[in-house]
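Trainee: I would like to go through the terms used for this chain. Please set each one against its definition.

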Amino acid sequence: MQRRSLKIAALFVYLMLGLSSALIIHAQTATHKSPFDFDGDNKTDFTIWRPIAGDWYILKSSNGSYDITHFGVKSDKIVPGDYDGDGKTDVAVFRRQENI
Ligand SMILES: [Ca+2]
Ligand SMILES: [Ca+2]
């Protein structure tokens, strides 16, 4: 089962990125509550953050479909978490403000 998940994740990376630059955030199956569980099924969702475009690619573990969300810019630091308490990770970024 885990081997199949890794193959799906590898295919996802290939299809989504065309092997261009990106940060692969998480690629393992979690046994604890994952900070990258965007669909709330208690399993880690394979997630890629492309800072150059501000795009999040999320492969949902619950059904194998994926979402592409545009949120953030290159200089942001990603800080995903369940900020509204619904059991699903929310896409979020931290942006430092200069000269305040
Ligand atoms: Ca999940
Ligand atoms: Ca949430």
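Mentor: Start with the nonpolar core: a set of buried Ala, Val, Leu, Ile, Met, Phe, Trp, Tyr and Cys residues joined through C-beta atoms within 7 Å. Buried means that 20 or more other C-beta atoms lie within 10 Å of a residue's own; exposed means 12 or fewer, and partly exposed is in between, with C-beta atoms placed from the backbone. This is a predicted model: local features need pLDDT of at least 70, side-chain atom pairs count only at pLDDT 80 or more, and totals for chains, interfaces and linings use all residues. Residues are numbered from 1 along each chain as its sequence is written, and chains are lettered from A and ligands numbered from 1 in the order in which they are written.

Trainee: Which residues make up the largest nonpolar core?

Mentor: F38, F46, I48, W49, W56, Y57, I58 and L59, 8 residues in all. The largest share, 4 residues, comes from β3. Strands here are DSSP runs (E, at least two residues; helices are H or I, at least four), numbered from the N terminus.

Trainee: What makes β3 mostly covered?

Mentor: In β3, 4 of the 5 residues are buried. In β4 (66-70), the count of buried residues is 0 among 5, so that strand is hardly covered.

Trainee: Why are β2 and β3 called paired?

Mentor: Pairing requires that DSSP finds at least two bridges between two strands. β2 and β3 have 5, in the antiparallel sense, so they pair. W49 stands opposite W56 in this pairing. The two strands form a hairpin with 4 residues between them, and G54 in the turn has a positive phi of about 70 degrees.

Trainee: How many bridges join β3 to β4?

Mentor: Again 5, and the strands run antiparallel. I58 stands opposite D67, and D55 stands opposite H70. This hairpin has 6 residues between its strands, with G64 in the turn at a positive phi of about 80 degrees.

Trainee: Which residues is W56 in contact with, leaving aside neighbours within four places in sequence?

Mentor: T47, W49, T69, F71 and V91. Contact means C-beta atoms, placed from the backbone, within 7 Å.

Trainee: Why is N42 called partly exposed?

Mentor: N42 has 14 other C-beta atoms within 10 Å. N42 sits in the loop between β1 (23-26) and β2. N42 has a positive phi of about 70 degrees, although it is not a glycine. Most residues other than glycine have a negative phi.

Technical notes:
Two residues are in contact if their C-beta atoms, placed from the backbone, lie within 7 Å.
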